[in-house]
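Subject: Structure for you to look through

Dear colleague,

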There are 2 protein chains.
Amino acid sequence: MTEADDILRLHEKYTGVLDIKSDLGVHSKEDLGKAYTPGVSIISKLIYQHPELKSKYTMSGKLVALITDGSAVLGLGNIGPAAGLPVVEGKALLYKNLANINAIPIAVEQKSADEIVETIKNVSLSFAGIHLEDIAAPKCFEIEEKLKKELDIPVYHDDQEGTAIVVLAGLINALKVVNKKPEDVKIVVNGVGASGLATANLLWAVGYQRITLVDIHGVVTSKDDQYNKYQTDAARTFGTPDELKGQQLSDVIGGQDVFIGLSDANVLTKEDVQQMNDDPIIFALANPVPEIDPQVGRDAGAKIVATGSSEYPNQVNNILAFPGLFKGLLASGLKQVDFNLQKIVAEALADILRHPGAEEIIPSVFDERVVGGVSNALINYAKDTRKE
Amino acid sequence: MTEADDILRLHEKYTGVLDIKSDLGVHSKEDLGKAYTPGVSIISKLIYQHPELKSKYTMSGKLVALITDGSAVLGLGNIGPAAGLPVVEGKALLYKNLANINAIPIAVEQKSADEIVETIKNVSLSFAGIHLEDIAAPKCFEIEEKLKKELDIPVYHDDQEGTAIVVLAGLINALKVVNKKPEDVKIVVNGVGASGLATANLLWAVGYQRITLVDIHGVVTSKDDQYNKYQTDAARTFGTPDELKGQQLSDVIGGQDVFIGLSDANVLTKEDVQQMNDDPIIFALANPVPEIDPQVGRDAGAKIVATGSSEYPNQVNNILAFPGLFKGLLASGLKQVDFNLQKIVAEALADILRHPGAEEIIPSVFDERVVGGVSNALINYAKDTRKE
């Protein structure tokens, strides 16, 4: 039997990897009265009078909707909502196993951003939070922006905030290792999809002030109409000179301290790395094949290489962020996953390693301190914020 | 501590009464590879190529969405989607406890029928079936009709089909007890909301040919514009003479064999019962106070009285229908909850009692034969249907 057969059998066994669990037994008329009618009438009446109690007495106070339209699945592209389900179901499994968070996989049709927003809003009373997954840019920006504005529960897009948080965490420790300062380092972010843009924007917001965006066509500038408004807005914010239009990665990599790739296999060459400043830091996060082979990168002089793969040291994996993040959000009542909050999470993740090294800038996904470290940081942040 | 406190504490303890359960442990890189990436990629690719495999390898093949807009909650009326949640959560608990069915409570905003249909369609790939609950008539008719037409999974409205099925089951046995024939008995259905209309229509469809619809304003006739089209259509189908317009329940109850009340407390009088045919059968299903006190009914000559309450014999409760029904639907692959299928379920329910009596026309909700009896009947029905 092949490994693929083994995986299929495993997911077929229970029809997926999740079940609903009943927290109460119902064996008698008395049980029934408490768990169902007439007992639930008492709770329904109470919620009718005090809507905020919904989150205290129903599953909606703890259930995260893990929503995908399957338009941008890692390594597979636009495979549609049905084929996107295994990914969100797998993430829901991780939520439960790693952080005891209840999450339910939801596939949403690939409608317009407004229609997806409307659909999610229409069922949002059922949930304590929205985790968006694998939705292609730029639609994902519009969907998340609108949901964040209109819903009173946390909204999080793992491909954006999750990746941005873990990259920032890794970068914080990487800079400690090479002894450089955030405000000094020059950073190229290669790839301006959801994750590249979110990462660049978070880095900028927390004080990294020398960022250049690049994609397959070259440097992103503010007046280039081949880019969407989220991309040109970022280039404008970062002060990218318009004359860099048309320059390629190899033209601008010289003198950079950090390369962050959220793009494609093998787009960073040995020669590129050799042009970078001393002690170059490489995040080669394309999956399954990174922007540069880590060994090639190190041979060319890279001090630190991180990838998305568990095959190499320094695995940048969103699993480090979302379970603890939502645990913290639900425990603290925090609702906006803004730059400040992302920074708190990234710092908490970075701080888990007391002595980071070139081959350990980020904790392992199985490090038992991760979920607690992240969620505690958010609980403390909420306490501090409320005191102010 | 009062009983209400006790119920509140019970529902607060776990934040509601349900949890998500993980079916797999994730303790190693190997586990992670099987339960999440890269393992899920194999399943995503397979579903992309063969969409029908979604139901085999993801939770969507077994998960029932239990959807309410809280516009017609039993005994409470229109309390809104948030306050409607405890009821659907309670039903999801019963699904799990009684039939091991995985159901998830969903509150949907009170939008137009078309918007609710669109919202449900947009997330329907996530589910193996739709159970609608507590949605007011006539909107519920339109929503269910459209969803049944447009979705390829079973759609069921408990307040309609559930009630209709259990009433029919009780009536089948009641007629055995009084030794009357379906085609002979005259039936008044009092109350023409979702459940009254669905019950009348099912009875008609399976051969009860002498049905009169009545509501608080009197007999429903086909040309009375105070009724919606679903109500006047039914009156037309049943051949209700137009000249009965304006006649009240007390004007038409004389000579009836069966009274089925899905209306309000105490609307059926002792005198009404006395006017009925020999061995009158009374379904007084208003909640929490029935259309007539069972003792008063029996004293007035009723041979059989059923209510919705567990305080009296013959409790007509939808719990007898939905767990076994969905167990059978999911096991058999049947998709249309049409009159035929409702009849199969009702007959299976009735047949569970081998010797029905005046005080036992319907099994108890704790009768352990109910779920298996109903689901087996559907599995056999599916086998028979496919053979034809």
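**Where the two chains meet**

Across the interface of chain A and chain B, the rule finds 47 residue pairs in polar contact, both residues being at pLDDT 80 or more; a polar contact is a pair of N or O atoms within 3.5 Å, where within protein one must be able to donate a hydrogen and the other to accept it, and residues adjacent in sequence count only if both atoms are side-chain atoms. Eight elements of chain A, namely α1 (3–13), β1 (18–22), α2 (29–35), α3 (39–49), α4 (54–57), α5 (80–99), β3 (102–107) and α6 (113–123), each supply at least two residues of the side that touches chain B, and α5(A) gives the most, with 13 residues. Helices (H or I, at least four residues) and strands (E, at least two) are DSSP runs, numbered from the N terminus. By class, this side of chain A has 44 nonpolar, 23 polar and 20 charged residues, where Ala, Val, Leu, Ile, Met, Phe, Trp, Tyr, Cys and Pro count as nonpolar, Asp, Glu, Lys and Arg as charged, and the others, Gly among them, as polar.

Before going further, please note that this is a predicted model, in which local features need pLDDT of at least 70 and side-chain atom pairs count only at pLDDT 80 or more, while totals for chains, interfaces and linings use all residues. Residues are numbered from 1 along each chain as its sequence is written, chains are lettered from A and ligands numbered from 1 in the order in which they are written, and side-chain values use heavy atoms, with hydrogens and water left out.

The contact (heavy atoms within 4.5 Å) takes 87 residues from chain A and 87 residues from chain B. Together the chains bury about 8,500 Å², 68% of it on carbon and sulfur atoms; buried area is the accessible area (1.4 Å probe) that two parts lose on being put together, summed over both.

The rule also finds twelve salt bridges across this interface, a salt bridge being a side-chain nitrogen of Lys or Arg within 4 Å of a carboxyl oxygen of Asp or Glu. One case to look at is Glu311(A), whose side chain meets that of Lys29(B) at 3.7 Å, N to O. Strands take part as well, since five bridges join β1(A) to β1(B), which run antiparallel, and Asp19(A) stands opposite Lys21(B); two strands pair if DSSP finds at least two bridges between them.

**How the copies are related**

**Within the chains**

In chain B, six strands form an open sheet of mixed pairing, in the order β8-β7-β6-β9-β10-β11. Its edges are β8 (218–219) and β11 (304–307), each with a single partner strand, so one side of each is left without a neighbour in the sheet. Inside that order, β6(B) and β9(B) pair in the parallel sense over four bridges, with Val188(B) opposite Phe259(B).

In chain A, a cis peptide bond joins Ala137(A) and Pro138(A), with omega about 0 degrees, and Pro138(A) lies in the loop between β4 (129–133) and α7.

With best wishes
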